[in-house]
Amino acid sequence: MTRDEILDEAKTVINGDRHSDYGDAAANFDRIATGWSVILGTDVTPVQVALCMDWVKTARLIQSPDHADSWVDKAGYSALGAEVSD
């Protein structure tokens, strides 16, 4: 995939099906942060959720660097992380 295709697909995914399936990203990341805070016994922020999810995709790409979906997801998590960092 080209860089434009990756970014266009990420935009489609985070504004389309995933938004419909999981709701507002800020609210979803907040729910995840709350759960991880309980599990880990330390405060976790929505921004940290975006960073950790990005790392999950990075770890997967280390094994399979040609997996286009993980590159798309990384772009999406970066965009959502920037949005929730305000």
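Which residues does Asp73 touch, not counting residues up to four places away in sequence? Asp73 touches Arg18 and Lys57, where contact means heavy atoms within 4.5 Å. The points below place that residue in the chain.

1. Basis of the model. This is a predicted model, in which local features need pLDDT of at least 70 and side-chain atom pairs count only at pLDDT 80 or more, while totals for chains, interfaces and linings use all residues. Residues are numbered from 1 along each chain as its sequence is written, and side-chain values use heavy atoms, with hydrogens and water left out.

2. Overall make-up. The protein chain has 5 helices and 0 strands, in the order α-α-α-α-α along the sequence. Helices (H or I, at least four residues) and strands (E, at least two) are DSSP runs, numbered from the N terminus.

3. Dimensions. A compact globule of 86 residues would have a radius of gyration near 12 Å, and the 13 Å of the protein chain agrees with this. The radius is taken over C-alpha atoms, and the globule rule is 2.2 Å times the number of residues to the power 0.38. Along the principal axes, the C-alpha atoms fill a box of roughly 40 × 30 × 25 Å.

4. Burial and contacts. Of the 86 residues, 30% count as buried; buried means under 20% relative accessible area, exposed over 50%, and partly exposed in between (1.4 Å probe, protein chains only). Among contacts between residues at least 6 apart in sequence, 47% join residues at least 24 apart.

5. Surface and charge. The protein chain exposes about 5800 Å², with carbon and sulfur atoms supplying 54% of it; accessible areas come from the Shrake-Rupley method with a 1.4 Å probe, and for residues only the protein chains shown count as cover. The mean positions of its 7 positive and 15 negative charges are 3 Å apart. Lys and Arg count as positive and Asp and Glu as negative, without His and the chain ends; the place of a charge is NZ of Lys, CZ of Arg, CG of Asp or CD of Glu.

6. Helix H5. This helix covers residues 68-84, 17 residues in total, and reaches 25 Å from its first C-alpha to its last, close to the 24 Å expected at 1.5 Å a residue. The expected span is 1.5 Å times one less than the number of residues. Its buried residues include Val72, Ala75, Leu80 and Val84, and the buried residues of H5 pack against helix H1 (3-15), helix H2 (17-22), helix H3 (25-40) and H4.

7. Asp73. This residue lies in helix H5 and is buried, with a relative accessible area of 6%. Asp73 and Asp4 are 69 residues apart in sequence and 14 Å apart in space, C-alpha to C-alpha.

8. Lys57 lies in helix H4 (residues 46-63) and is buried, with a relative accessible area of 9%. Beyond residues up to four places away in sequence, Lys57 touches Ser70, Asp73, Lys74 and Tyr77. Leu61 also has its place in helix H4 and counts as buried at 5% relative accessibility. Leu61 and Trp71 are 10 residues apart in sequence and 7.9 Å apart in space, C-alpha to C-alpha.

9. Helix H3. The end C-alpha atoms of H3 are 22 Å apart, in agreement with the 22 Å that its 16 residues should span at 1.5 Å a residue. Its buried residues are Ala25, Asn28, Phe29, Ala33 and Ser37, and the buried residues of H3 pack against H2, H4 and H5.
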